[in-house]
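Subject: Structure for your attention

Dear colleague,

Please find below the structure that I am passing on to you. My notes on it follow directly after.

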Amino acid sequence: MAEPATATQAAAPVVALLKNELDIVIPTIRNLDFLEMWRPFFQPYHLIIVQDGDPSKTIKVPEGFDYELYNRNDINRILGPKASCISFKDSACRCFGYMVSKKKYIFTIDDDCFVAKDPSGKAINALEQHIKNLLSPSTPFFFNTLYDPFREGADFVRGYPFSLREGVPTAASHGLWLNIPDYDAPTQLVKPLERNTRYVDAVLTIPKGTLFPMCGMNLAFNRELIGPAMYFGLMGDGQPIGRYDDMWAGWCTKVICDHLGLGVKTGLPYIFHSKASNPFVNLRKEYKGIYWQEEIIPFFQQAVLPKDCTTVQKCYIELAKQVKEKLSKVDPYFDKLADAMVTWIEAWDELNPTGPVPNGKAA
């Protein structure tokens, strides 16, 4: 059975890549004792902690970490009426951290994610692997059967077009999990004891035109390339749906990356997911989404963005317009979500007033 790395195993000295260019965003409702295990890897970096739930509760952070902490009162104070676009009582609130960050890169992790071990027993520096993924190109236009050709020991295979070997900038790096898999509630209910012990030593680019179920618990992205698309929607308190926050962000992000000629990678790094959430609680949150996704996913598969959508913000506003036009018939919730998507972009631009995020050429 997979086990997390011990603090001793994780304590080897590490080189902090992009130390001044990356923020770690953590949503939480509890004390962050889990950071002790991550200390060798995370301590050199700046943390943005987004406290969910009761703002009067004090969240304890281990000594020695450089962090800023925002609760619901802070979100309301900073965003004013636009705070309505940030979810409450749901980990979707993490996207507020993306908005207030001033760094080029974001790594986000859940507080029940521990340091995993590779098959040799070595502690995995998940953040380092995400950075390697982000700093090397993606290959979304033609699949390489040796997966990521930019990893050490790999290359482009025979028959791979030389005109595509330069690749494109990588916007997002999606990591995986050992131990508790990221299953939906029905799968949890029929496989309550299933654990993921398979470590697959691979990173691959998700091909253009292919959607994927993005999980937000072990995720990194280039905020300058794709940040405004990483909106985790309206979930939790007062909303008819939960546990689709990262999925929604992933679908929007992938459509926009495909349009702008950017890449998304998945695979390494692994974290150790320590705690299974309650499948009955999850089912209450998910059940509408399980039905809705059968219409949501075809919507995103068929979404086309106009050529004049040359920035992430323009793309996202256009997607919001299409959500309102085509998904409102599924449920009035999507009318509300489309409005929140626009509010999110307005709030993003207010806090990041340097103008539209520059990006690749429109496809």
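Aspartate 74 and arginine 77 lie three residues apart in helix α2 (residues 72–79), so about one helical turn separates them. Helices here are DSSP runs of H or I with at least four residues, strands are runs of E with at least two, and both are numbered from the N terminus. The two side chains form a salt bridge, in which the closest N and O atoms are 3.1 Å apart. The term salt bridge denotes a side-chain nitrogen of Lys or Arg within 4 Å of a carboxyl oxygen of Asp or Glu. Aspartate 74 is buried, at 16% relative accessible area, whereas arginine 77 is exposed, at 58%. For these classes, buried means under 20% relative accessible area, exposed means over 50%, and partly exposed lies in between (1.4 Å probe, protein chains only).

Please note that this is a predicted model, in which local features need pLDDT of at least 70 and side-chain atom pairs count only at pLDDT 80 or more, while totals for chains, interfaces and linings use all residues. Residues are numbered from 1 along each chain as its sequence is written, and side-chain values use heavy atoms, with hydrogens and water left out.

Further salt bridges

The count of salt bridges comes to 14. One of them joins arginine 151 and aspartate 201, with an N to O distance of 3.0 Å. This pair links distant parts of the chain, 50 residues apart: arginine 151 belongs to the loop between α4 and β6, and aspartate 201 to the loop between α5 (185–190) and β7 (203–205). Arginine 151 has a relative accessible area of 27% and is therefore partly exposed.

Another salt bridge is formed by lysine 324 and aspartate 339, whose closest N and O atoms are 2.8 Å apart. Here too the pair links distant parts of the chain, since lysine 324 is in helix α9 (residues 312–326) and aspartate 339, 15 residues away, is in helix α10 (residues 333–351). Both partners count as partly exposed, lysine 324 at 32% relative accessibility and aspartate 339 at 38%. Through shared partners, salt bridges join Lys324, Asp335 and Asp339 into one network.

Nonpolar surface patch

Leu189, Val190, Phe280, Leu283, Tyr287 and Tyr291 make up a nonpolar surface patch of about 650 Å². Patches consist of residues with over 30% relative accessible area and no salt bridge; like charges are joined within 9 Å, and nonpolar side chains (Val, Leu, Ile, Met, Phe, Trp, Tyr) within 5 Å. Accessible areas come from the Shrake-Rupley method with a 1.4 Å probe, and for residues only the protein chains shown count as cover. The elements that contribute two or more residues to this patch are α5 and α8 (279–302), and α8 gives the most, with four residues. Phenylalanine 280, found in helix α8, is exposed at 54% relative accessibility.

Two single residues

Glutamine 129 is found in helix α4 and is buried, with 16% relative accessibility. Leaving aside residues up to four places away in sequence, glutamine 129 touches Val203, Leu268 and Pro269, where contact means heavy atoms within 4.5 Å.

Arg158 is listed by UniProt, in an unreviewed entry, under "glycosylation site". UniProt positions are given in the numbering used here, feature names are shortened, and annotations may be inferred rather than shown by experiment. In the model, arginine 158 is placed in the loop between α4 (126–135) and β6 (170–179), and its 84% relative accessibility makes it exposed.

Yours sincerely
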